[in-house]
Amino acid sequence: MNTMTPQTLGKEMVTVLRPLVGDHTVNFMETGGTIVASSDPAWIGTYHSGAAEAAASRRVIRIRQDDLPPDSQKREGISLPVVKNGMVLGVVGIHGRPEDLEQYIRLVDACVELYLEQTLSSRQNQLVRHLRVDLLRRLLDDAAEAEDLAAAAREAGVEPQLPVRVMAIMPATNGEGRKHWFEQLTRLRNLLVSRTPVNERHDIAEVFDDMVMVCHHIQPGVDPVARSSEIHETLCRELNQPVSIGLGSECAEWRGAARAKREAIALARLADGKCLCIDSPEAEVTCLLQECLAQSASHLRVLEEKLRRGFGARHMARIMETIHAYCKADCSGGKAAADLGIHKNTMNYRMNKILALLGLENQNAFVREFFLRLLLLNHSSRK
């Protein structure tokens, strides 16, 4: 990721330099003298002895027509070695009388230097970001070894500190496609490290799959719920739209980070523009349900299919709305009926049929509610 082939570098160099040298042909040669890119494709693949000499001597080589044999297929021109950090990366060649090309040497040198500085800096930033994402992935992996984590942290230039809280962050809405979603996540990540207490030296905040994941060291004495609320307010204000945050359990050692990641992701997906913390009993139960959901997804799809066959596919939205109202009302049919604006008898009929189709009619209240809530979670996660 931090290297560039002569062909790729050559194509980019020719594209950058071509407008600067008028009608003159621009070539780029690898250090052995072979032309790998040119504004005139006919020259690609041919050997250029002047370029090989320029690369070896690290100085500008000027070739005049008088120096060439009468039947030579070569052209007069100049060859300028491209050197960065003591390494010869290739040679730029320009066709024409050397006397006419002298005016371009300083301009080409300056342009090449600026281009390399920007390009290599960009690639270095990409490499660092890649290493940080890899480190984050390792930290959030149950199987990560301490020695591997230490080595990955050194490569990424990070000094992670324990304890940490894992946060999952995402925009609350996405109405403009995958590209816009990724742009929003990138902006969220940049705001985190520039406008909040997240510190890139000790913390890691990177775009991770379809959200921003953060391993944030919270110092002793700092309330993690208050800190996450502070971050939430800042991001909503700066992004000018609702942001969903899930905060997982505190990790005193890295082996707990994978569990905290699952908690944070589950809460972020349910947050709907708010900040949900695992510290609340309600959030803890929600995460437990999510864990059960992950283990029971295939069984729950079978249950949902029973409802679809029993009520008909076109009525499924109404049936799921009924189940949602029933659970929200603490399994009170009367309150759920009032919330839905339907008669109590209608509500009872629907729920009795739902429970019968699911095979729950003879189960106790706890089991009924448990499976109904899992069914709702499974349905919402597949929308």
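Is Arg308 buried or exposed, or does it count as partly exposed? At 28% relative accessibility, Arg308 counts as partly exposed, where buried means under 20% relative accessible area, exposed over 50%, and partly exposed in between (1.4 Å probe, protein chains only). Before going on, a word on ground rules: this is a predicted model, so local features need pLDDT of at least 70 and side-chain atom pairs count only at pLDDT 80 or more, while totals for chains, interfaces and linings use all residues. Residues are numbered from 1 along each chain as its sequence is written, and side-chain values use heavy atoms, with hydrogens and water left out.

Back to Arg308, whose side chain meets that of Glu304 in a salt bridge, 3.4 Å from N to O. The term covers a side-chain nitrogen of Lys or Arg within 4 Å of a carboxyl oxygen of Asp or Glu. Both residues sit in helix H8 (residues 281-311), 4 residues and about one helical turn apart; helices (H or I, at least four residues) and strands (E, at least two) are DSSP runs, numbered from the N terminus.

Another one joins Glu206 to Arg132, with the closest N and O atoms 3.1 Å apart. Glu206 belongs to strand S7 (residues 204-208) and Arg132 to helix H3 (residues 98-139), so this pair ties together parts that are 74 residues apart in sequence. Glu206 and Arg132 are both buried. Elsewhere, Arg64, Arg97, Glu99 and Asp100 are linked in a salt-bridge network, which includes the 3.8 Å (N to O) bridge between Glu99 and Arg97.

Now for the sheet. It is open, with 5 strands in the order S7-S8-S6-S9-S10 and mixed pairing; two strands pair if DSSP finds at least two bridges between them. The edges are S7 and strand S10 (275-277), each pairing on one side only. From one strand to the next, the twist averages 20 degrees. S6 and strand S8 (residues 211-217) run antiparallel and are joined by 6 bridges, and Arg165 stands opposite His216 in S8.

Helix H6 (residues 224-239) lies across S6, S8, strand S9 (243-251) and S10, at about 155 degrees to S9. Axes are lines fitted to C-alpha atoms, for helices over the stretch in contact, and angles run from 0 to 180 degrees between N-to-C directions. Helix H7 (residues 257-271) packs on the sheet too, touching S6, S8, S9 and S10, where contact means heavy atoms within 4.5 Å.

What about the nonpolar core (buried Ala, Val, Leu, Ile, Met, Phe, Trp, Tyr and Cys residues joined through side-chain atoms within 4.5 Å)? The largest has 47 residues, and Ile169, Leu192 and Leu235 have the most contacts inside it. Strand S6 (residues 164-171) gives the largest share, 6 residues. Leaving aside residues up to four places away in sequence, Leu235 touches several others, including Ile169, Leu188 and Val243. A second, separate core of 24 residues includes Cys327, Met347, Leu360 and Leu372.

Last stop, the aromatics. Rings of Phe, Tyr and Trp (its six-membered ring) pair if their centres lie within 6.5 Å; planes under 30 degrees apart count as stacked, over 60 as edge-to-face and the rest as tilted. Phe366 and Phe370 are stacked, because their ring centres are 6.1 Å apart and their planes at 20 degrees. Phe366 is exposed at 62%.
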